[in-house]
Each structure stands twice: as structure tokens, then as C-alpha cells.
Amino acid sequence: MNLKRIRTIIDKEWAEVFQNRMVLFTMIFMPLIFTILPLVILYFTGQEMGDMGGVGTADMPVEFLSTCASDMTEAECMQVFLVNRFLLLFMMMPVIIPVTIAAYSIVGEKTTHSLEPLLATPMTTFELLVGKSLAASLPAIFVGWISFGLFLAALPLIGVTKTVISYIAGPTWLLAIIVAGPLMAIASVNLAIFVSSRVNDPRTAEQISALFVVPIFGLLFAQLAGVIVINVMVMLSFIGGMVLVDIGMIYLGISIFQRENILTRWK
Amino acid sequence: MIETKALTKMFEVKKADDIPAVVDLDLSIAQGEVFGFLGPNGAGKTTTVRLLTSLIGPTSGHAWVNGFEVGKEDQKIRSSVGVLTEHPGLYERLSGIKNLSIFANLYELEKPEKQVEKYLKMLGLWSRRNDPAGRFSRGMRQKLAIARALLHEPHVLFLDEPTSGLDPEAARLVRSFIEELGDQGRTIFMCTHNLHEADRLCDRIGIFNSRLFAIDTPENLRQEIYGRKVVFHLRFVDPTWINLIKDIEGVLDVQRVDQKLVLAMDDPERLNPQIIRTLVESGADIQFVGELRHSLEDIYLQTIEENEGESQ
């Protein structure tokens, strides 16, 4: 594996992809919305809870109460209950952003016929695939981390208590943002690579690959319905599952991303 | 430099017979040779280039490029050959200089900036180096793609339709550059539909439609198919002269076309003086003598037509 070639591919992808306004829009606008939205909701719910003189824990699923630390007030427990829903928004970022980049960086090469000259260089298929995957995943991972950092930094400004902040900066969220996010980005990019071998244009690849967010919505609705409560154990199980999914997706991506298939079957 | 033995490529088709793209190709191309690979659309020319540049693998047979075997030393082959693909395939949002820098780094050149500058200047693109390739004219794009293929100074160069879609001026520029490359001693394997171009640039030509039907120098192909013919333009033709000339040993055929005699013969250099003497002694006024040259197009069409059944 030649790191210089991988760096060159990443450099090329970024130079090209970041000149695409739509990609930039997705990379800036969506994380901004996903960061501001929970802050706004937290701010107003904090105000309303104050006005109502607090909300009882009786309004929350019984399974959730174990998530609230013993030193939390009922209002703080309610805020944690609410904020846990937004965790899934942060988890969606590394899934949606790389799909847009991968759709342009991989399928786009098909439509512009630029993949063949690239494949004619001494670079190996594995180097090309790693370069392209990293070029698509890294910005999404960093954007996710930066958004989370901004979210954390803004929490005290809207009156969120230290107890709630320390919960958000605790193991469940950190596992979700630092470990689960990148794992989901890898799966999402490899799904885009897989889809790109079957479709003809970047938009179709993007749309099909974006279906990857469906399981996250499933998680969101399950949480809303009180079927599951996101805690460290759930997150660890999710990460374990994602590792298996990633291994499967990488294997699938590499087995499909063969020079001959790309040149002769990618029409 | 390039050698193939029974090189074959079949494409699998679900629920149908495999499609033969290249069948039993035997080639031997020497160092410094400019080789023209001619054939109709869908003949398998691009597939052959892809096989020889290790982009795809053969179904059977063997091929060696620069001494490296296809399928076994693919990375070495790709390091040592340059390819101008059918479509320039440039990164249109990136500048000309960036397009080349990417490839200079992929080939791990020691001084990538110098090589990029050298070829941008050589192909007259230096002043537009910072413009996005998408703003280049078609000719400029093709030149940029040629520069990309040459960055790592390959000994063997594959050019797939190098002047396709170019205006006459751009095509002439590209052709003269290919001539220069040939003069530098590089081996050039060129697929083209432009028969005039092939006739002018190529040392040898292969006529191909899944199978190789003919391979030789353009001149030898002419002789092989049509033999050598000389046209004698006369003030008038006396029919008795035809038999006189037919009696000369070595003259294969004589035909009268208006006030011209068209003679088929093996060795015009030896026979022409004798024929001229015979005609003059018989009272003929010779206005003009010239060799009848069939165009490469005639040769190509004749070869493809003759072998039409075989390529199916």
C-alpha cells in the first residue's frame, strides 16, 4: 500500500468535490441545522419547564429513568430525555454527508470517463478505494465532530445545567459521536461504492445510498415509542453491529470494485 | 516491445453466448515503431489497448509489454506505459496544472513540477495552466490528455483515437506531435479511424475486426492487395501497343482507360525504361508516367469486406 498515492487521491477528490457547490451546501448547511435545531428546542423546553414549574418523571418511559443520574432533578432528567433524541441527528451526519461526496467522487468518474486514465496508473485498486473512501468519510467525520463540539460549547449559553452537559459529554454520546459515527460513515461510503456499480448517475447513487439513514430513523422511532432507550449498553451493541456491517460492506465494496468490472460493466 | 500470442478476450453475457472481442491476436511490435491499429467501431481495438495496458485480463493467450507479462506483472506494465484513452477523461473543475500534478504524483515522479511544466510548455498549454480544464477547447483537452500520458516518459505509448473529434488544425497539431514522439524512438500503438493519418504516421498497420486480418507496412499492403501499377498518359492510344507491352516479360496486365494505359507489374523500376522505349519506338507520345497508388481507405475497405464473414 502506497500512502503517497492514497494522499494524492484524497487531495484530488477534495480539490474536485469541494468545488461543487451542492456538496459544500450539504457539508455546511445540514450540520448547521442539525446543531442549531436541538439547541433551539432545548432552550425553549428549558423555558417552558421553568414556567410549568417542572415536568414529572411520570411522563417518561420507565426504562429511561435508569439513564438519569441520581443527582439529576426531574427537569434535568427531562432535558436528557429530550436531548437523547437529537443524538441520532448527529449520528445521521456521517451517513448523509459522505454519500453526497461518494456519489460525486465515484459515480461521477464514470460519467466523465476520468476513471480509466486513473486506473491506467500503477496505483492498485485497493489504494484507489481507500483513497476514495477516506476522501468521502473524513470530511463527514470531522464535520460531525466539529458540530458536536459546537453543540457542547453552546449548551451553557442556553442555560443547560452542568449535570446535563456532563451527561451529554459522557460515554453514551462520546461513543456515538467518536466511534459509531465514523463506523457509519465507512458503511455508508462502501454502500455508495456498491450502489455505484449498479447505477448510471450520481443522483441515483446518492438517493439509493441515502436509504442507509432508514435504520437510524428506525432507531429514532423505536426510541420515541419507548421500545428502546439509548444508553451505553445499547450504544456498544450498536457499535458491535456496525463493525460487522462495515466488514461486510468493505468486503462487498472491494469485491465489486474490480478494474475489469468498472471498465466493461459500468455503463 | 509489444508481443502477443493467441491473445483472446471474451466477454461473458448472461443467458447468451460469450462475445468475442479479441480472438487469437498475434502481434510483434518493435521498439521505436509507430503501429496503426485499424478497425471498424466495435472491432475490439479499445479492448486490445485495455488488455495491453493491463486494465483488463485476457481470457486466454499471452501478451508482453516492455518485457512484462500481462496478467502477471500488471503494475510494472502500468508504470512503464502511457495511455491516451478514447475519452480525455480530465477533471474539468481542476486546472490544467492540477490535472497533470495528480498524475505526476501517482507515477511518483522525482520532480513532478518540472515534468508538468515541461509538457505544458511543449504542448503550448503553459499560458492556460491555471484555467479549469473544462474551459479548454477540445484540441487543448486532447493535448492535456496526451501530456498526462507522457509525464512519466513511457517507452510505450497507447493512443486510442488521438485525433477523434478534433478540428483540422487541432488534429494537425496532435499529428505532428505524434510524429515527434515517433522520432524520439518511442513505441506507439495507435488506434484510429483516420486512415490518412495512419498512412502518414505509421510504420506498420494492422487491420483488425476481432481478428487480425492483415499486418504490414502501408506500402506492402498496397502491393499485397493491388500489386504495383503504373499509368502511362499518352496523346492517343493505338490498340496494337497493348499486345506489344503485354509481351514484355514481367508485365502482368495492361488495361486501357481513355488515353491511358494502366500496367500491373512486379518491378516497375526495372521494366519502365523498357516499356517507355517500346512505346516511343512504336510512335507513342508519352505525356506523363506515374505510379497508381491506392489509398489506405481502399486497402482497409477491401480487407474488411473480404474478411467480413470471419469476424462474425
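Helix α5 (residues 138-150) and helix α6 (residues 168-183) of chain B have axes that come within 9 Å and cross at roughly 20°. Axes are lines fitted to C-alpha atoms, for helices over the stretch in contact, with angles from 0 to 180 degrees between N-to-C directions. That angle makes α5(B) roughly parallel to α6(B) (angles under 35 degrees count as roughly parallel). The crossing of α5(B) over α6(B) is right-handed, meaning that the near helix is turned clockwise from the far one by less than a right angle.

The model is predicted: local features need pLDDT of at least 70, side-chain atom pairs count only at pLDDT 80 or more, and totals for chains, interfaces and linings use all residues. Residues are numbered from 1 along each chain as its sequence is written, and chains are lettered from A and ligands numbered from 1 in the order in which they are written.

From α5(B), B:Arg138, B:Gly139, B:Gln142, B:Lys143 and B:Ile146 meet B:Ala170, B:Leu173, B:Val174 and B:Phe177 of α6(B). Contact requires C-beta atoms, placed from the backbone, within 7 Å. Helices (H or I, at least four residues) and strands (E, at least two) are DSSP runs, numbered from the N terminus.

Chain B also holds an open antiparallel sheet of four strands, ordered β2-β1-β4-β5. Pairing needs at least two DSSP bridges between two strands. β2 (19-29) and β5 (68-69) of chain B stand at the edges with a single partner strand each, so one side of each lacks a neighbour in the sheet. Helix α1 (residues 45-52) of chain B packs on the sheet and touches β1, β2 and β4 (60-65) of chain B. Its direction makes about 60° with that of β2(B). β1 (residues 2-11) of chain B pairs with β2(B) over seven antiparallel bridges. B:Lys9 has B:Val22 in β2(B) as its bridge partner.

The chains meet through 26 residues from chain B and 21 residues from chain A. On the chain B side, α2 (74-80) and α3 (96-106) each give two or more residues. α3(B) gives the largest share, five residues.

Two contacts compare by class as follows.

| α5(B) with α6(B) | five residues | two residues | two residues |

Ala, Val, Leu, Ile, Met, Phe, Trp, Tyr, Cys and Pro count as nonpolar, Asp, Glu, Lys and Arg as charged, and the others, Gly among them, as polar.

Chain A has twelve helices and zero strands. Buried residues make up 44% of its 267 residues (buried: 20 or more other C-beta atoms within 10 Å of a residue's own).

Key. Two residues are in contact if their C-beta atoms, placed from the backbone, lie within 7 Å. A residue is buried if 20 or more other C-beta atoms lie within 10 Å of its own, exposed if 12 or fewer, and partly exposed in between; C-beta atoms are placed from the backbone. Angles under 35 degrees count as roughly parallel, over 145 as roughly antiparallel, 65 to 115 as roughly perpendicular and the rest as oblique.
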